[in-house]
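Hi,

Here is the structure for you to look over.

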Amino acid sequence: MPFIFSNENLTFVLADITRNLELLNVCFFPTCRTPGSLPEEKIDSTYRRLRWQIFAGIFFGYAGYYLLRKNFSLAMPYLIDEGYTRGQLGVAMSAIAIVYGLSKFLMGLVSDRSNPRFFLPFGLLISAGVMFIFGFAPWATSSVTMMFILLFINGWAQGMGWPRVAGPWFTGGRRRNAAVWYRYGTWLTTWAAA
């Protein structure tokens, strides 16, 4: 029976992938073990400190991902001086845009079954490694195909940039407050850059 692409088939396939991952218990990194319970007097102060650590880790980690995702466009004028056209570089840059969206979705499924303490930095290291190769290996910019492949790998690693972390640490009003501070930081950074 031929497979016909439709919304019903896509929903079935996605549900089937999720179910198979759950059955296989697939994960890149094992999840954290639950530590022993804390004494009552230490719970609030410990969780307050850990919330800020988690928020800072997410904020700076995602900022690192963003810088690694956008820095190829800064090198484009120099690549144009080397003889590449804007169209060729646009084809190479399309790799990161296409695979980033796909990776965000698929790596989100894997991220739910992985330890975010290792998952987020692992993707950041892969992405940084690819950009390091661009800067120091002459073969990396030798052809549009090679740039496309490297940007494809970078885009895939970029999908690992937002594991499910905030839910257990920021519940209810605390999650709303964290989102407000994140938006304020985005606004402040935009204002300072202007």
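Below are notes on the aromatic pairs and on one helix contact.

This is a predicted model; local features need pLDDT of at least 70, side-chain atom pairs count only at pLDDT 80 or more, and totals for chains, interfaces and linings use all residues. Residues are numbered from 1 along each chain as its sequence is written, and side-chain values use heavy atoms, with hydrogens and water left out.

Aromatic pairs. Rings of Phe, Tyr and Trp (its six-membered ring) pair if their centres lie within 6.5 Å. Planes under 30 degrees apart count as stacked, over 60 as edge-to-face and the rest as tilted. The count is 3 aromatic pairs. F72 and F134 have ring centres 5.4 Å apart and planes at 55°, so this pair is tilted. The pair links distant parts of the chain: F72 sits in helix 3 (residues 72-81) and F134 in helix 5 (residues 116-136), 62 residues apart. Helices are DSSP runs (H or I, at least four residues), numbered from the N terminus. F72 is buried (under 20% relative accessible area), at 5%. F134 is buried too, at 12%.

F132 and F136 also form a tilted pair, 4.6 Å centre to centre with 40° between the planes. Both F132, at 54%, and F136, at 64%, are exposed (over 50%).

Helix contact. The axes of helix 2 (residues 40-70) and helix 5 come within 10 Å and cross at roughly 25°. Axes are lines fitted to C-alpha atoms over the stretch in contact, with angles from 0 to 180 degrees between N-to-C directions. The two helices are therefore roughly parallel (angles under 35 degrees). Contact means heavy atoms within 4.5 Å. Helix 2 contributes G61, G64, Y65 and L68. Residues from helix 5 include F119, G123 and M131.

Best wishes

How values were computed. Buried means under 20% relative accessible area, exposed over 50%, partly exposed in between (1.4 Å probe, protein chains only). Angles under 35 degrees count as roughly parallel, over 145 as roughly antiparallel, 65 to 115 as roughly perpendicular and the rest as oblique.
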